[in-house]
Every structure is written in structure tokens, then in C-alpha cells.
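Student: Could you take me through the aromatic pairs and the helix packing here, giving the criteria as we go?

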Amino acid sequence: MEIVAFSVASAVLIALGIVLTRFGLRGLGPIRGGSISVPTSAVMFLALSPVTVDFANWNSHAALIFGAAGLIYPAAVTLLTFASNQRLGPNLTAAMGNLTPLFAIALAMLLLDEWPHPTQAAGVAVVMTGLFMVTTAQMGGLPRGALWLLGIPLAAAFLRGAAQPLVKVGLQDWPNAFAAALLSYIVSGVVIWIVRLIRNAPPLPFDLAAHLWFALVGVVNGLALVAMYAALARGPVAVVAPIVASYPLITMGMAWLMHGREPLSLRAILGMVISVAGVILVLRG
């Protein structure tokens, strides 16, 4: 099924982007990194637009929705994710994304009147249970006084979830995932540069490696976004959101391979198994 393929591809690419971000953050902060990665994505989609975007079918209503979505995703989500990655690491940052399906499905019910089937609802609950176990397994080393930091990835999860039904409203009028990604990233690029200029941070020595890492992150995140939008154009949020939300499981495996993390705990592994079972239930629904 195309919807499953695109959703899985999005989850894999989101996980890869989170893990690669860790390399870039060694030389640049979250805002500087975002001001490189997001415009890189925008330029990529702009270069591809002559062959990917059907401008002949331009729909102003959908274009406004895609632009509005760009104010929160990827702009705000990227900054929050990078900041969380810097303070909490890739595993916990990804694991806190477990609430994204709840936000996405709840808003889809309000905006699109998309109500999940009972089996899908049960699958979402199972996915959430498994991801919650994974999340709590990663919180053991978090100091008590630093619990407020969890609000950063939590806010990112809410905004990521809110963007999905919002974009799907636009895709109903203009079903072109590349158009949605292009307009979202153009707006996001402008927003992030405004934030960077307002902060007026002192100049730093140019770090070529960090710039290249964030450029690569921009390409990966851009492809993740268009894959998710392609899935949303083909199926309901209740199916797409839980599959895309499985990216924390992939992130942990990638982080272990790339950063040499400690072996996962039994609780985390059990949570992964439960999450996969939940995704299967969602697909059966």
C-alpha cells in the first residue's frame, strides 16, 4: 500500500534527521543549525518544483493553508527538536514524540471529521503504550530539576501533530505533496531567519563540517516531510500518524549504531515490540 510505504519512509527519514542533527550540533546551536537546514530544504524543493509541482492547478486556498502550516512545521518544530536534541539527546527527543498521534488524530476529528475505526483506535492506544514505555526507559538519567526540559519535545510533538490535519485540509483542494512541502519550507525558512536575526547572536568561527551536516539534515527532513504529506494525500490521519510516530524506535537503533549508545533496556525493547503490534492493529483497521 502506498500510504504505508510513504508513512514508513517518513518515519525512517525523521529518525535519520534527528540522529544526524547530533553531529551538526557539535559545531552550531539549534537556531543557527535550523537557519541552514530549513532553507536547504526550501532550495531543494524550489529546484525540483518545475517537475514536481503542478502550478497549472494552483489553488490559493490550499496555498495559504500550506504556508500557514509552515509557520509551525517545520519552522517551530525544527527549532524545538534541535534544542531538545542538544539538551536531552536524540533518544529522549524522539521518544517524546509519542504524543504526536494523539494530537494529530484529535484535530483530524475536529477539522476533517475523520473518526478512527475501533480497531484503529485500539492500535493507536497500543502504539502509545509502547512508546510511553520506551520514553520512560530513556528518562532514568534525567535530573529531577531538569524535568521541565521535557516541555520542549512535548511542544514539538503537539505542533507536529497539529500540522498533519491542517495540511490534509489543503491537500483536499490541491493534492500535491511537493507543493505543500515547497510552500511550507519557504515560509519556515523565512521564519527561522527572522528568529536568527532578532537574536543577533555574536559571530562564531565558521565550522564547515557543522554547516554540511545541517545541510544534509535539511535534505533528509525535507524528504521526510514530503513523504508524510504524500501519505496524508492518500489516506486518513488515523493511519498515517501512528506509523510516522514510530520514528523513535528507528532513532534509537540509528543512535546506537552512529553514536555508540548503551544497549537498550528490556523495558525499551518491550515497548518497541508493543508499538509494532499497535501499528499492525492500525493497519488491520
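Tutor: This is a predicted model, in which local features need pLDDT of at least 70 and side-chain atom pairs count only at pLDDT 80 or more, while totals for chains, interfaces and linings use all residues. Residues are numbered from 1 along each chain as its sequence is written, and side-chain values use heavy atoms, with hydrogens and water left out.

Student: Which residues do ring pairs link into a cluster?

Tutor: Rings of Phe, Tyr and Trp (its six-membered ring) pair if their centres lie within 6.5 Å, and planes under 30 degrees apart count as stacked, over 60 as edge-to-face and the rest as tilted. Linked by such ring pairs into a cluster are F45, F178 and Y185.

Student: How are the rings of F45 and F178 arranged, and where do the two residues lie?

Tutor: The centres of F45 and F178 are 6.2 Å apart with 70 degrees between the planes, which is edge-to-face. Helices here are DSSP runs (H or I, at least four residues), numbered from the N terminus. The two residues are 133 residues apart, with F45 in helix α2 (residues 30-52) and F178 in helix α8 (residues 177-199).

Student: Is F178 buried, partly exposed or exposed?

Tutor: Buried means under 20% relative accessible area, exposed over 50% and partly exposed in between, using a 1.4 Å probe and protein chains only. F45, at 1%, counts as buried. F178 has a relative accessible area of 29% and is therefore partly exposed.

Student: At what angle do α3 and α9 pack, and what class does that give?

Tutor: Axes are lines fitted to C-alpha atoms, for helices over the stretch in contact, and angles run from 0 to 180 degrees between N-to-C directions. Helix α9 (residues 208-232) and α3 have axes 13 Å apart, at an angle of about 130 degrees. Angles under 35 degrees count as roughly parallel, over 145 as roughly antiparallel, 65 to 115 as roughly perpendicular and the rest as oblique, so α3 is, relative to α9, oblique.

Student: Which residues of α3 and α9 make the contact?

Tutor: Contact means heavy atoms within 4.5 Å. From α9 come F214, V217, L225, M228 and Y229, and from α3 come Y73, P74 and F82.

Student: What is the peptide bond from Y73 to P74?

Tutor: Most residues other than glycine have a negative phi, and most peptide bonds are trans. P74 is placed in helix α3. With omega near 20 degrees, the bond from Y73 to P74 is cis.
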